[in-house]
Each structure stands twice: as C-alpha cells, then as structure tokens.
Amino acid sequence: CKILRCNSEYVAATLHLRGPDRGAASCTALRSYSLCTRRTARTCRGDLAFHSAVHGIEDLMIQNNCSREGPTAPPRPRPPAHDPRGFESLDACDYERSFLYKHGRPPGFQHCAAFGDPHIRTFHDDFHTCRVEGSWPLLDNDYLFVQATSSPVAKGSNATVTSKLTIIFKNMKECIDQKVYQAELDNLPAAFQD
C-alpha cells in the first residue's frame, strides 16, 4: 500500500502555502491527494491509514470549499524500477517493492470477512459458521495480529456477535513501533487515530 507516499506528497505540496492564493493551491493539492488515494484503493483497502486519509480529504475539501473538478498537481516522478546497488538499497518498509525484488513478481492479496453470528471466510477461502463465545486469532503473521472476540447476543442465547476486534501492528524497528487498536461493539471508531 502506497498511502504513505500520498500523505508525504500532500504534506510537501502544502507545507509552503501562505497568503491569499493559499485556498486555490490547497484545493489543487487536495484533488491531487484524492487522486493518489484512488490509485492506491485496491491495494490499500484494508489499511487503516488509507481509510483515515480518505475521510480526512473529504473533510478538508468541505472545509476549504474545494470542488472535486479542477486542476491537480503533476505526480512526482517515480524512482527507477531497477536499482543496480541491489536489495540492500531498498526501503525495508516498502513491502511490495521488496517482494517484487525477492520473488520477481508483485505480491498477491487475499481477503477475509467476518459477519453475522459470526460467519467467517478465511484468507484461504474456508467458510465457518460458529456460535462460539470467546476470542480467536483471525490473522497472525510477521507484521500483523488480528483477534476477534465473540459474546452472546443476549443472556442465555446460543447466538453470538463479534463484540471486539483487536489489531496489533507488530514491531518492525525499521518501519513501525508496535501499535494496538481496538474496536468494540459500543465503541466503534470511524477510523483509528495514530
């Protein structure tokens, strides 16, 4: 997911803005930011930073009275695809580029879903229908841990509902410190704040 590149391009485009022409330049930067996020939508659909950026852009467009139509800034030129210095020069946090370098192909993406009481479609396309109270991991890999917690719908009921979701971004010294996000049934944030 390249949302961090979109974020940094927006910050760079607006950092110097001052004076009466700030409004038009801000709108141009926001339209460019929006375009960049749309280009990353497929690979970023499960990324919390992506969803926060999309909501933030909408809010800023309204606050600055920006139209959706209008000029955008040209995107920054991309770095060359092949780096003769080898793997050591790659950004360790650029998962897609590192994967491409290591495996000679872009990474594939998998999707899962949890809904109902609960019905679960796993990353490997297995389907489970459960009426189990408790917590279990939905995903646990080198980068991310996601755990779901189910509770009874009502006292004495066999049916359960997903009542809590815990997301842990695991510590990677080059990229991110460990972060924990939780969403509960009665406290479901529109986006996680970092």
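**Entry 1: the sheet.** I started at strand β2 (residues 119–121), which three bridges join to β3 in an antiparallel run. I took strands (E, at least two residues) and helices (H or I, at least four residues) as DSSP runs, numbered from the N terminus. I counted two strands as paired if DSSP finds at least two bridges between them. In β3, H128 stands opposite I120. I then looked up the whole sheet: it is open, has three strands in the order β1-β2-β3, and pairs antiparallel. β1 (113–115) and β3 are the edge strands, each pairing on one side only. From one strand to the next the twist averages 10°. For this angle, axes are lines fitted to C-alpha atoms, and angles run from 0 to 180 degrees between N-to-C directions.

**Entry 2: ground rules.** I note that this is a predicted model: local features need pLDDT of at least 70, side-chain atom pairs count only at pLDDT 80 or more, and totals for chains, interfaces and linings use all residues. Residues are numbered from 1 along each chain as its sequence is written, and side-chain values use heavy atoms, with hydrogens and water left out.

**Entry 3: confidence.** pLDDT is the predictor's confidence in each residue, from 0 to 100. The protein chain averages 78, and 86% of the residues score at least 70. I found the lowest confidence in strand β3 (residues 127–129), at a mean of 73, and the highest in α2, at 88.

**Entry 4: the chain.** I read off five helices and seven strands. From the N terminus, the order is α-α-α-α-α-β-β-β-β-β-β-β. Of the 194 residues, 26% count as buried. Buried means under 20% relative accessible area, with a 1.4 Å probe and protein chains only.

**Entry 5: helix α1.** I checked the length of α1 (residues 3–14). Its twelve residues should span 16 Å at 1.5 Å a residue, and its end C-alpha atoms are 17 Å apart, which agrees. The expected span is 1.5 Å times one less than the number of residues. Its buried residues are I3, C6, E9, Y10 and T14. Down the axis of α1 they fall within an arc of 120°, so they line one face of the helix. The arc is that of the directions from the helix axis to the C-beta atoms. Their cover includes α2 (22–39), α3 (41–44) and α4 (48–63).

**Entry 6: helix α2.** α2 has 18 residues and reaches 26 Å from first C-alpha to last, close to the expected 26 Å. Its buried residues include C27, L30, Y33 and C36. I found the buried residues of α2 packed against α1, α3 and α4, where contact means heavy atoms within 4.5 Å.

How values were computed:
Buried means under 20% relative accessible area, exposed over 50%, partly exposed in between (1.4 Å probe, protein chains only).
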